[in-house]
Each structure stands twice: as structure tokens, then as C-alpha cells.
Amino acid sequence: MPHLYKEQGYVLYPNFFEKEELTHLHKICEAFHSQWLVNNNQAYTNGALNSNGLTASTYLTTTDQLFLIQFISQPKLEKIVSQLFPEKAIFLNTQLFFDPFDANQKNYWHRDMQYTGLTIEEQQACLTTQNVIHFRIPLKPELGLELIPGTHKAWDTDEVFETRMGKNGRLSSDALNNSVSLKPDVGDLLVFSANMVHRGLYGNDRFAFDIIFCDDSVAFKAFINPMHQPTKALLLQLTNKHLF
Ligand SMILES: O=C(O)CCC(=O)C(=O)O
């Protein structure tokens with residue numbers, strides 16, 4: 001599998017989890033989401049598609065926080081993290097992906113790094129120097145993601161660049177050639193590089209939990225919110241602490 005990731009920038013692991021392994025995770029995510037919706041109604045009606053920071057104490061009990069960080073650091077996930085990252089990796093954040101309030105809202109091609117304040121040249125350099133990987137765990141069957149294989153290591157063609165930047169009359173939702181659509185089911189794990197060109201496929205009342213890991217580097221430490229990291233007390237209760 002690591003060679004597939006190196007080549008394409010993503011790997012789908014079918015039936016990675018038994019459905020029962022996701023039952024409590026799903027409950028926690030539902031509880032988080034309903035509270036998030038109450039407090040972020042304006043963002044939601046204005047087009048938000050995801051929330052983040054589930055591991056914080058904002059909406060979760062300490063017991064559920066511990067459950068989440070145990071889930072994130074479970075050996076079978078850590079094994080994949082260690083296979084896919086060239087060097088040591090750490091936990092960056094979690095996200096929940098859901099459908100837009102407006103069913104007609106268009107999706108958009110992007111590389112995650114384009115929203116972090118980097119210049120185009122810096123973004124280009126990131127392809128060889130920085131690794132951020134999403135671990136998508138659908139909690140409902142979803143239409144999934146559309147990805148352009150190989151773009152985790154290859155820079156944009158003109159068409160891709162103009163599309164994801166919405167330039168020269170192109171829209172970021174326009175169709176692009178050479179893409180693949182992946183439709184993970186509940187129990188599957190979809191791992192993909194945040195550096196690659198991708199877009200979400202909305203619909204089916206999607207509800208997916210993403211865990212994001214990144215290189216253990218100074219550049220990424222700046223993006224880590226301490227509120228999303230386990231407290232010392234929680235860490236003491238964890239057997240597997242390498243990712244925090
Ligand atoms: O599912 C989506 O809406 C997009 C996912 C995405 O862009 C990401 O996880 O970086």
C-alpha cells in the first residue's frame with residue numbers, strides 16, 4: 001500500500017473498521033455536531049462544510065476526549081501513519097465533513113495548502129518538503145471525493161491552476177480531466193494527501209470524521225492549536241503517545 005500512496009497520493013482501505021468499532025465514534029461526532037450547529041448557525045447557513053477541533057474540551061466530556069485520542073492513536077492507524085510519512089508524523093487536527101446548507105452549493109477543487117498564506121512558489125516547494133495526510137472515516141455512506149492522482153508530487157497544469165484559483169473565466173467547480181472519484185463506505189478508510197488537487201462530492205447527507213496528521217516539523221507546529229491536543233492528564237492515560 002505505501003507504494004500506491006507514493007504513486008497516486010491516496011489509498012482506499014476497504015473494510016478497515018468493523019461497523020461496531022465506529023458506533024461510539026459516530027455518537028460522539030453526532031453530539032459534537034449538534035452543539036456545533038447551535039453555536040455556528042451563521043457559518044453553516046453561509047456555506048460551511050466542515051467543523052474541526054473535536055478533540056478539544058469545548059463540546060466533549062473528558063471521557064469522550066480520551067476515547068477520541070485513543071481512537072486516533074490506535075495501533076492500526078499509527079501503523080499506516082508510519083508507513084506513509086517519510087519521517088516522524090504528529091497529530092494535527094480532526095474535522096467533520098457534512099453537506100452544505102444550500103443543496104445547490106458547488107464544490108471546489110483545491111490543495112489544502114492554498115489557504116495557509118503561502119505564495120505560489122512556496123506551495124510548489126511544499127510538494128517535495130511537506131506532508132499532510134487526511135484519514136477519512138465516513139460515518140455514513142458518502143459520494144466521497146474526487147482527486148487527481150499524482151498531483152501530490154506534480155504541480156498544476158495551466159488548466160488545473162486556473163480552475164482551482166478561479167482564473168481566466170474558469171470556476172473552481174469546473175470539471176477537470178484525469179480525476180478519479182472515490183466513494184468510501186462506512187468501515188472503509190480513505191487516506192489522501194492534503195497537498196493533492198481534490199474536491200469533496202456533496203450529497204447523501206454525508207457525515208465523515210477526518211483525522212489529519214502532518215510532519216513533526218517547526219513549520220507545522222505553528223498550525224497546531226494546543227486546545228486540540230490532549231492535556232497532560234489525558235496523555236497519562238494513553239498507552240500510545242507517539243503521535244502527540
Ligand atoms: O470533503 C470535502 O468537502 C473536501 C475535503 C477536503 O477538501 C479536505 O479534506 O481537505
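Trainee: What volume does the second largest pocket have?

Mentor: Happy to start there, and please keep in mind that this is a predicted model. The residues lining the second largest pocket divide into 7 nonpolar, 8 polar and 2 charged. The volume of the second largest pocket is about 300 Å³.

Trainee: Which residues are the closest to the centre of the second largest pocket?

Mentor: Elements that give two or more residues to the lining of this pocket are α1 (2-8), α5 (75-84), α6 (120-129) and β4. The lining has 17 residues, and the closest to the centre are Tyr5, Lys6, Leu84, Asn131 and His152.

Trainee: How much space lies in the largest pocket?

Mentor: Good one to ask next. The lining of the largest pocket divides into 18 nonpolar, 13 polar and 5 charged residues. The space in the largest pocket is about 760 Å³.

Trainee: Which element gives the most to the lining of the largest pocket?

Mentor: About 760 Å³ of space lies in this pocket. Of its 36 lining residues, Gln95, Asp112, Met113, Thr116 and His134 are the closest to the centre. Two or more residues come from each of β2 (50-52), β3 (89-98), β4, β8, β9 (207-215) and α8 (218-221). With 4 residues, the element that gives the most is β3.

Trainee: Which pocket is the space taken by the ligand?

Mentor: Let's look at the residues around the ligand, which include Phe97, Asp112, His134 and Tyr202. Asp112 and His134 are also among the residues closest to the centre of the largest pocket. The space taken by the ligand is the largest pocket.

Trainee: Which elements give two or more residues to the shell around the ligand?

Mentor: By class, that shell has 4 nonpolar, 4 polar and 4 charged residues. Among its members are His134, Arg136, His198 and Gly200. The elements that give two or more residues are β4 (132-138) and β8 (198-200).

Technical notes:
Residues are numbered from 1 along each chain as its sequence is written. This is a predicted model: local features need pLDDT of at least 70, side-chain atom pairs count only at pLDDT 80 or more; totals for chains, interfaces and linings use all residues. Side-chain values use heavy atoms; hydrogens and water are left out. A residue is near a molecule or strand if one of its heavy atoms lies within 4 Å of it. On a 1 Å grid over the protein atoms alone, a cavity is a set of points where a 1.4 Å probe fits but cannot get out, and a pocket is an open set with protein on both sides within 12 Å along at least five of seven lines; lining residues have an atom within 4 Å of a point. A molecule sits in a cavity or pocket if more than half of its atoms lie within 2 Å of its grid points. Ala, Val, Leu, Ile, Met, Phe, Trp, Tyr, Cys and Pro count as nonpolar, Asp, Glu, Lys and Arg as charged, and the others, Gly among them, as polar. Grid points are joined across faces, edges and corners, and a volume is the space filled by probe spheres set on the points.
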